[in-house]
Amino acid sequence: MLESLSADALGERADRAARLIRAADALVIAAGAGMGVDSGLPDFRGSDGFWTAYPALGRAGIGFAEIANPRAFAEQADLAWGFYGHRLALYRRTTPHAGYRLLRHWASRMARGCGVFTSNVDGQFQRAGFDPERIHECHGSIHRLQCSAVCNGAVWPTDDFIPEVDAAGCRLRNVAPRCPRCGALARPNILMFYDYDWVERPSSLQAMRLDGWLGGLGAPVLIEIGAGTAIPSVRDFSQRLQARRGA
């Protein structure tokens with residue numbers, strides 16, 4: 001643990017990290033929910049933290065896995081869209097914190113630039129100016145919609161949807177978005193719990209682009225930020241990349 005290291009040991013680690021960054025031809029960022037905390041975004045770790053952010057769900061005893069679930073859209077669409085609509089509005093108005101700018105500055109000094117693997121659905125890396133062609137959102141994005149009935153596998157942007165949410169009750173007050181093809185309820189293009197209908201194609205295309213870029217790197221440096229252990233998507237990516245490069 002960093003807390004148990006002496007000042008000298010911490011200084012040595014910082015110096016080594018600085019040398020690695022200076023020598024790298026590219027920056028690879030692997031980011032989880034903790035990346036957004038300094039921007040004021042909730043990370044939903046544990047029921048207490050989740051219910052603090054959404055007290056109406058706490059009063060009803062509804063946990064994160066229950067509301068972040070396709071069944072919630074089928075059974076309580078106004079509540080499900082109250083939760084996701086509130087998050088959509090929050091992410092739209094949130095300014096990425098200074099750490100994003102620092103990472104972009106480091107990457108600007110590298111010959112091959114930067115690539116991002118993230119489990120976050122908030123779109124903050126795009127908002128901070130990172131190249132969208134080198135971002136893989138492995139759990140999808142709240143800024144895209146899909147048909148809840150998966151009538152044709154299409155996705156489309158949320159640009160025309162302005163959610164009006166009763167924050168006290170966590171319920172959508174205006175009309176929820178609908179599929180333009182079949183008229184069924186639309187849902188976020190996010191991989192939820194117990195989700196067999198997620199349209200994975202946009203994320204898969206992102207993965208292919210990022211993987212192609214990674215294959216051409218000579219001496220990248222990997223920085224992992226805000227990755228938890230409960231859902232180890234980011235940690236798994238970091239470990240796969242290190243194994244691939246024989247680190």
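Visitor: Is Asp195 buried or exposed in this model?
Guide: This is a predicted model, and in it Asp195 sits in the loop between strand S8 (186-190) and H9. Buried means under 20% relative accessible area. Asp195 has a relative accessibility of 12%, so Asp195 counts as buried.

Visitor: Which side chain makes a polar contact with the side chain of Asp195?
Guide: Leaving aside neighbours within four places in sequence, Asp195 is in contact with Pro70, Arg187 and Ile190. A polar atom of the Asp195 side chain also lies 3.1 Å from the backbone nitrogen of Asp197. The side-chain to side-chain polar contact, at 2.7 Å, is with Arg187.

Visitor: Let's turn to another aspartate. What is the relative accessibility of Asp122?
Guide: Asp122 is found in the loop between S2 and helix H8 (124-127). Not counting residues up to four places away in sequence, Asp122 touches Leu41, Tyr91 and His143. Asp122 counts as buried, because its relative accessibility is 7%.

Visitor: Which residue's backbone nitrogen does the side chain of Asp122 reach?
Guide: For this one, look at H8, which covers 124-127. The distance is 3.0 Å, and the backbone nitrogen belongs to Gln124.

Visitor: How many of the five residues of strand S2 are buried?
Guide: In a regular strand the side chains alternate between the two faces of the sheet. In S2, Cys114, Val116 and Thr118 lie on one side and Gly115 and Phe117 on the other, and all are buried. Strand S2 (residues 114-118) is therefore largely enclosed by the rest of the structure, the buried count being five of the five.

Visitor: Which residue in S2 is the bridge partner of Ile29?
Guide: Strand S1 (residues 26-31) pairs with S2 in the parallel sense, over five bridges. Within S2, the bridge partner of Ile29 is Val116.

Visitor: Is Met208 buried or exposed?
Guide: Met208 has its place in helix H9 (residues 201-214). The cut-off for exposed is over 50% relative accessible area. Met208 has 62%, so Met208 is exposed.

Visitor: How far apart in space are Met208 and Asp8, C-alpha to C-alpha?
Guide: In sequence, Met208 and Asp8 are 200 residues apart. In space, their C-alpha to C-alpha distance is 42 Å.

How values were computed
Residues numbered from 1 in each chain as written. Predicted model: local features only at pLDDT ≥ 70, side-chain atom pairs only at ≥ 80, totals over all residues. Heavy atoms only, no water. Helix = DSSP H or I, 4+ residues; strand = E, 2+ residues; numbered from the N terminus. Buried < 20%, exposed > 50% of the residue type's maximum accessible area, 1.4 Å probe, protein only. Pairing = 2+ DSSP bridges. Contact = heavy atoms within 4.5 Å. Polar contact = N/O pair within 3.5 Å; in protein donor to acceptor, adjacent residues only side chain to side chain.
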